[in-house]
Amino acid sequence: MLLHEFRPGRLLAGLTALGLAAVYAGDAAGAWTTPWYAVIPLLCGGLGLAGLATWVAYRIRRRSARSLSSDSTDAPASTSGSQAIK
């Protein structure tokens, strides 16, 4: 049993942040030189992929919830004309 549902968008956003932190840490340690403008495509690409993954996961959850639903929205709530709960 899972404690919470899987969120792939949050995973990709976190991996993007960790990747950018590694790039800056390597630059600060002197292992390599990173130009300041190289981070912008990494950040935009990573967050764009995270947004796309979130949208796809939302569509999948919505479609599976709709197919599992047994409630018929086409049928009226009551055929006697009264909406009172008996």
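Hi everyone. A quick definition to begin: a helix here is a DSSP run of H or I, at least four residues, and helices are numbered from the N terminus. One caution as well: what you see is a predicted model.

Let's start with A53, which sits in helix 2. Is A53 buried or exposed? Its relative accessibility is 17%, so A53 counts as buried, the cut-off being under 20%.

Helix 1 covers residues 8–29, and it packs with helix 2 at about 165°, the axes being 7 Å apart. Because of that angle, helix 1 is roughly antiparallel to helix 2. Their crossing is right-handed.

Next, W55, also a residue of helix 2, which spans residues 39–68. W55 has 51% relative accessibility and therefore counts as exposed. Together with L49, L52, V56, Y58 and I60, W55 makes a nonpolar surface patch of about 620 Å².

Finally, the charges. How many salt bridges are there? The count is 2. In one, the side chains of E5 and R7 meet at 3.2 Å, N to O. In the other, R61 meets E5 at 3.5 Å, N to O. Through shared partners, E5, R7 and R61 form one network. As for accessibility, E5 is partly exposed at 39%, R7 is partly exposed at 38%, and R61 is partly exposed at 31%.

Definitions and conventions: Residues numbered from 1 in each chain as written. Predicted model: local features only at pLDDT ≥ 70, side-chain atom pairs only at ≥ 80, totals over all residues. Heavy atoms only, no water. Patch = residues over 30% accessible without salt bridge, like charges linked within 9 Å, V, L, I, M, F, W, Y side chains within 5 Å. Areas by Shrake-Rupley, 256 points an atom, 1.4 Å probe, with all protein chains shown as cover. Salt bridge = Lys/Arg side-chain N within 4 Å of Asp/Glu carboxyl O. Helix = DSSP H or I, 4+ residues; strand = E, 2+ residues; numbered from the N terminus. Buried < 20%, exposed > 50% of the residue type's maximum accessible area, 1.4 Å probe, protein only. Axes fitted to C-alpha atoms, helices over the stretch in contact; angles between N-to-C directions. Parallel < 35°, antiparallel > 145°, perpendicular 65-115°, else oblique. Left-handed = near helix turned anticlockwise from the far one by under 90°.
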